[in-house]
Amino acid sequence: MEQLRWIAFITLMGIAVGPTVIGQTLRKASLEGQNSWIIPHSAELVSISQYSPRGFRLSYEKLSLEKASWENCNCFYFWGAELGFTDFNNPRVLGNAFLLSGFFEPILWQSPPWRLGLRTKLGVSYLSNVYDPDSNPENTFFSSRISFLLSVAPKLSYHLSDTWELFLSGHYNHISNGGQSQPNRGMNFPGIGIGASYWLSRSEFPIFEKPPLSHHFSVILETIGTFRDNPDGEGRVPAMGVSVDIMHSLTRLNSLGAGAEFFWDQSLKTDASSTGLVPAVFLSHHLIFGRFDFNQRMGHYLVKPENIGQKRQFFQRYGLTYRFPGGFLLGGDLKAHGHVAENIGLRLGWVF
């Protein structure tokens with residue numbers, strides 16, 4: 001049930017932030033082959049990580065030439081949907097993954113016939129083989145057939161003609177269930193892809209002037225919410241918190257920040273010595289494309305209960321938020337300890 005709620009949330013996010021295109025829209029279809037390797041982030045995973053996942057991705061992409069769309073990130077960008085398949089090259093333990101995701105790919109630089117973009121993807125995966133204490137105890141990467149997919153991929157393209165282009169990409173993929181069930185080590189598998197695109201429609205890009213760069217401070221106030229396993233019984237219990245992030249813009253794309261968060265986790269209250277309150281401080285980096293903010297936070301627990309954090313005092317948060325006119329923020333968040341994902345949450349906030 002929780003997975004279905006998150007799928008609905010991802011779909012609504014795509015509807016909310018997708019541009020309303022009135023003018024000309026360019027379209028293309030792409031096919032990519034990928035070869036990857038698995039990062040074994042614990043000693044127990046080394047034996048089942050000696051394989052090279054391989055697969056393909058098929059995507060349908062759009063790019064609006066309207067100025068209103070360009071102003072979303074002060075750049076032109078592709079957006080669309082992607083279908084994929086990955087064979088983990090270990091049919092007995094790991095099996096295969098069927099993938100469905102939405103993506104956002106701003107163009108960072110272009111000088112015809114070359115173009116450089118950065119694709120970020122968020123979606124779901126169906127896994128054919130998952131953990132089972134009797135039939136598949138080795139696979140502690142996955143325990144839910146329906147899991148989440150996060151991916152970042154820089155992409156270099158070369159135009160062969162008006163309709164065809166070739167591209168080379170690096171990609172970093174992460175699949176986990178976001179803490180919905182255990183074990184949940186999750187899998188990180190970076191790699192390289194090569195592919196071709198066929199333009200269904202094509203036109204020259206207009207030139208729009210970027211607004212002047214303003215070095216300034218801003219404050220982000222956010223609430224973060226998720227669910228964690230109930231150690232006292234069946235089901236899951238809420239975990240929620242607030243954070244403040246004081247941010248200073250360095251360039252149009254990059255901002256640095258620092259702040260604090262206070263998280264109240266009901267799953268920790270079973271310990272008589274714990275109130276469930278987990279305070280922490282963090283440093284942050286924000287990669288900003290207009291209204292889109294891909295942010296990373298490195299946090300340090302000020303008080304850390306023993307049963308969270310994989311015995312680590314530090315944690316990371318990876319977030320993607322969209323800033324609506326007026327300052328309201330909406331987005332998602334992945335919390336991890338090293339290479340181990342803990343949970344996925346929802347962010348609501350305001351920027352001043």
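# Close-up views of a predicted model

**View 1. Aromatic pairs in the model.** By the ring-pairing rule, the count comes to 21 aromatic pairs, where rings of Phe, Tyr and Trp (its six-membered ring) pair if their centres lie within 6.5 Å, and where planes under 30 degrees apart count as stacked, over 60 as edge-to-face and the rest as tilted. One of these pairs is formed by Phe76 and Phe208, which are tilted, at 5.9 Å centre to centre and with 40° between the planes. This pair links distant parts of the chain, 132 residues apart, since Phe76 is in the loop between helix H2 (67-70) and strand E3 (77-87), while Phe208 is in the loop between E8 and strand E9 (217-229); helices (H or I, at least four residues) and strands (E, at least two) are DSSP runs, numbered from the N terminus. Phe76 is buried, with a relative accessible area of 10%, because buried means under 20% relative accessible area, exposed over 50%, and partly exposed in between (1.4 Å probe, protein chains only). Elsewhere, ring pairs link Tyr77, Phe104, Phe289, Phe292, Tyr322, Phe324, Phe328 and Trp350 into a cluster.

**How to read the views.** This is a predicted model, in which local features need pLDDT of at least 70 and side-chain atom pairs count only at pLDDT 80 or more, while totals for chains, interfaces and linings use all residues. Residues are numbered from 1 along each chain as its sequence is written, and side-chain values use heavy atoms, with hydrogens and water left out.

**View 2. Salt bridges around Arg119.** A search of the whole structure finds 16 salt bridges, each being a side-chain nitrogen of Lys or Arg within 4 Å of a carboxyl oxygen of Asp or Glu. The side chains of Glu61 and Arg119 meet in one of them (3.1 Å, N to O). Glu61 lies in strand E2 (residues 54-64) and Arg119 in strand E5, so this pair ties together parts that are 58 residues apart in sequence. Arg119 also meets Glu105 in a salt bridge (2.8 Å, N to O). Because Glu105 lies in strand E4 and Arg119 in strand E5, this second pair ties together parts that are 14 residues apart in sequence. Arg119 counts as buried at 6% relative accessibility, and Glu105 is buried with a relative accessible area of 1%.

**View 3. The salt bridge of Glu165 and Arg115.** The side chains of Glu165 and Arg115 meet in a salt bridge (2.9 Å, N to O), and the pair links distant parts of the chain, with Glu165 in strand E7 and Arg115 in strand E5, 50 residues apart. Glu165 is buried, with a relative accessible area of 0%, and Arg115 is buried too, at 4%. Both residues belong to a network of salt bridges that links Lys28, Glu61, Glu82, Glu105, Arg115, Arg119, Lys121, Lys155 and Glu165.

View 4. Trp114 is found in strand E5 (residues 114-127) and is partly exposed, with a relative accessible area of 40%. For the protein chain, the average pLDDT (the predictor's confidence in each residue, from 0 to 100) is 86, and 88% of the residues score at least 70. Over residues 1-22, however, the pLDDT is below 50, and beyond near neighbours in sequence this stretch has 29 contacts in the model, a contact meaning heavy atoms within 4.5 Å. Where pLDDT is low, the predicted coordinates should not be read in detail.
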